Amino acid sequence: MNSFTAEINPQIEETWKNVLNKEFQKEYFIKLKQFLIEEKKRYMVYPPGSQIFAAFNQTPFNKVKVVILGQDPYHGQGQAHGLCFSVPKGVPMPPSLQNIFKELNSDLGLPIPTHGNLKKWAGQGVLLLNATLTVRANQAGSHQNKGWEIFTDATIRSLSDQRKGLVFMLWGNYAQAKASIIDSRKHFILTAPHPSPLSASRGFFGCKHFSKTNRLLLSVGKEPIDWSLD
């Protein structure tokens, strides 16, 4: 077994392992793992294997309060580290993340963060989940339709079925399509255009999702999120 094979054998936080264990045994996931092994032989793959499941490892299943859905990991060197929209400290902030911070500033009056690492949110129960958990370097969308979406849809369904009073923040058409697998009688669904420069001005700016999320959490007796990062 080479090191990458070991890394993508799911080293996933225990509460998530209990919920998703059946997925790891299914044929699609076995094929996905083989695909990743072959990709790694020929290309650079992001994020590093040890960070593929970072969203799960930093936000245990029973601690999730909010879900933010992304589509693909960033495909530039050093950007992806397993949390959607997030980049490690010291890495320039991509445009969508800059726009998220602009809305955060407008909504809550928080200063624009000096870095783009959203790990603090994850630690408070914000699941930062991409639909596809890996990507080939410099090729956006290159690992779509290889099986990850089946796995992350199972993740969303498990949260919808087994938890109550979660806030799902669905930005853009791709994320909003996931509303069909979320039980809106048990959970809160907030929708807005994607924060990318192409669409942020069409309604992402002014959506006030951060303050709305905190009000919804308080309404079901949960602690609000401290959205500040610095």
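Here are some questions and answers about how the features of this predicted model get their labels.

Q: What makes α2 roughly perpendicular to α3?
A: Helix α2 (residues 14-25) and helix α3 (residues 27-42) pack at an angle of about 75°, with their axes 4 Å apart. Angles of 65 to 115 degrees count as roughly perpendicular, so α2 is roughly perpendicular to α3.

Q: Which residues of α2 and α3 meet?
A: On the α2 side they are Glu-23, Phe-24 and Gln-25, and on the α3 side Glu-27, Tyr-28, Phe-29 and Ile-30. By class, this contact has 4 nonpolar, 1 polar and 2 charged residues.

Q: Why is the pair of Phe-24 and Phe-53 called edge-to-face?
A: Two values settle it. Rings pair if their centres lie within 6.5 Å, and planes over 60 degrees apart count as edge-to-face. The ring centres of Phe-24 and Phe-53 are 6.3 Å apart and their planes stand at 85°, so the pair is edge-to-face.

Q: Where do Phe-24 and Phe-53 lie, and are they buried or exposed?
A: Phe-24 is in helix α2, while Phe-53 is in the loop between β1 (45-46) and α4 (54-58), so the pair links distant parts of the chain, 29 residues apart. Both Phe-24 and Phe-53 are buried. They also belong to one aromatic cluster, together with Trp-16, Tyr-28, Phe-29, Phe-56, Phe-61, Trp-148 and Phe-151.

Q: What makes Trp-121 and Trp-227 an edge-to-face pair?
A: Their rings are 4.9 Å apart centre to centre, with 90° between the planes. Trp-121 lies in helix α6 and Trp-227 in the segment after α9, so the pair ties together parts that are 106 residues apart in sequence. Trp-121 and Trp-227 are both buried.

Q: How do you know that Arg-136 lies over the face of Tyr-43?
A: The distance part of the rule asks for CZ of Arg within 6 Å of the ring centre. Arg-136 is at 3.7 Å from the ring centre of Tyr-43 and lies over its face.

Q: Why is Asn-145 called exposed?
A: The relative accessible area of Asn-145 is 69%. Asn-145 is found in the loop between β4 (135-136) and α7 (148-162). Asn-145 also has a positive phi of about 60°, although it is not a glycine. That is worth a second look, since most residues other than glycine have a negative phi.

Q: Why is Lys-208 called partly exposed?
A: Buried means under 20% and exposed means over 50%, with partly exposed in between. Lys-208 has a relative accessible area of 37%, so Lys-208 is partly exposed. Lys-208 lies in the loop between β6 and α9, and its phi is positive, about 55°, although Lys-208 is not a glycine.

Q: Which residues of helix α9 are buried, and what covers them?
A: In α9 (residues 209-219), the buried residues are His-209, Phe-210, Ser-211, Thr-213, Asn-214 and Leu-217. Their cover includes β2 (66-70), α5 (95-108), α6 (119-123), β5 (167-171) and β6 (188-192). Gly-221 follows α9 and has a positive phi, near 75°.

Q: Which residues does a cis peptide bond join?
A: Tyr-46 and Pro-47 are joined this way, with omega at about -10°. Pro-47 lies in the loop between β1 and α4.

Definitions and conventions:
Residues numbered from 1 in each chain as written. Predicted model: local features only at pLDDT ≥ 70, side-chain atom pairs only at ≥ 80, totals over all residues. Heavy atoms only, no water. Buried < 20%, exposed > 50% of the residue type's maximum accessible area, 1.4 Å probe, protein only. Helix = DSSP H or I, 4+ residues; strand = E, 2+ residues; numbered from the N terminus. Contact = heavy atoms within 4.5 Å. Axes fitted to C-alpha atoms, helices over the stretch in contact; angles between N-to-C directions. Parallel < 35°, antiparallel > 145°, perpendicular 65-115°, else oblique. Nonpolar A, V, L, I, M, F, W, Y, C, P; charged D, E, K, R; others polar. Phe/Tyr/Trp six-rings, centres within 6.5 Å; stacked < 30°, edge-to-face > 60°. Lys NZ or Arg CZ within 6 Å of the ring centre and 35° of its normal.
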